[in-house]
Amino acid sequence: QIEQYTIKWKVLKPEFTDIKVTDVDGKFLVDLRDKRSKKVTQFKRTVTPATIQKDFVFIRLVLKHAKYEEKCLTEIPPFPAFQGPKFSIANNPTPYLTLPQYNTLTGLAKARRREKGLNPRTLRQREELWCFLLICVGAALRVGEAESIRWKDCSLVRLNNADKQEAVKMMVKGKHFKWTGKREEAYGLYDAVTAFKFLRSSRPDAKPDAPLFTENHREGVRLLLEKAKLRKTKDG
């Protein structure tokens with residue numbers, strides 16, 4: 001969150017050059033909202049109302065600090081509304097796969113690694129991509145968390161439940177690692193166990209400090225989604 005505030009301030013700082021905190025009133029904020037709505041992102045898209053609203057969350061925190069901590073502001077000005085056709089924020093969650101779609105995707109990944117005539121490098125990439133999907137889903141891992149796993153971070157365990165279910169325990173770099181320097185526990189169930197065993201059997205000479213995943217699978221996942229006709233974006 002601290003890192004995000006730093007990024008947010010880098011974007012907003014030009015709008016506050018030579019502006020005193022007491023100059024920030026309702027009109028200034030409305031004008032800022034309108035000005036931000038005309039900006040474009042690095043991807044050449046217009047800044048969304050959701051992004052602008054996050055800008056104003058940051059600004060509100062700064063003004064609260066000015067009033068309650070620094071005592072240099074008597075009142076927090078009214079903030080503009082995010083309503084109407086131009087500024088309303090659409091409910092547009094990240095698309096997700098249903099269970100049948102997930103089974104289709106992983107089935108395709110498994111079939112592709114079994115195609116005949118693959119060269120050794122392509123075969124290894126496809127095997128690892130299949131395992132990457134199973135472990136990320138089976139352990140609910142972010143991409144960065146999965147990429148941080150080393151062989152010495154993994155062990156097969158039995159959970160303390162009625163079935164003594166088998167799982168793979170992993171120590172991953174979670175979202176707080178940058179600040180704490182400590183890895184967090186993650187447990188992979190079901191297909192994640194299958195994938196881990198497959199990787200372990202296919203790499204018996206892997207060093208303890210070596211990463212579990214040696215490839216960047218972003219492009220592989222994208223191509224796999226397209227071949228399965230399952231690729232969706234927030235833009236449709």
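## Surface and charge

The accessible surface of the protein chain comes to about 15900 Å². Carbon and sulfur atoms hold 53% of that surface. This is a predicted model.

The protein chain carries 48 positive and 28 negative side chains. The centres of the two sets lie 4 Å apart.

## Elements and overall form

The protein chain has 10 helices and 3 strands. From the N terminus on, the order is α-α-α-α-α-α-α-β-β-α-β-α-α. The protein chain is more spread out than a compact globule, because its radius of gyration is 24 Å, well over the 18 Å that the globule rule gives for 236 residues.

Taken along the principal axes, the C-alpha atoms fill a box of roughly 65 × 40 × 35 Å.

## Burial and contacts

Of the 236 residues in the protein chain, 32% are buried. Residues 24 or more positions apart account for 62% of them.

## A look at Leu105

Leu105 sits in helix 5, which covers residues 99–112. Its relative accessibility is 4%, and buried means under 20%, so Leu105 counts as buried.

Which residues does Leu105 touch, leaving aside those up to four places away in sequence? They are Leu97, Leu133, Leu224, Leu225, Ala228 and Leu230.

Asp153 is 48 residues from Leu105 in sequence. In space, the two are 27 Å apart, C-alpha to C-alpha.

Notes: Residues numbered from 1 in each chain as written. Predicted model: local features only at pLDDT ≥ 70, side-chain atom pairs only at ≥ 80, totals over all residues. Heavy atoms only, no water. Helix = DSSP H or I, 4+ residues; strand = E, 2+ residues; numbered from the N terminus. Rg over C-alpha atoms; globule rule 2.2 N^0.38 Å. Buried < 20%, exposed > 50% of the residue type's maximum accessible area, 1.4 Å probe, protein only. Contact = heavy atoms within 4.5 Å. Areas by Shrake-Rupley, 256 points an atom, 1.4 Å probe, with all protein chains shown as cover. Lys, Arg positive; Asp, Glu negative; His and termini not counted. Charge placed at Lys NZ, Arg CZ, Asp CG, Glu CD.
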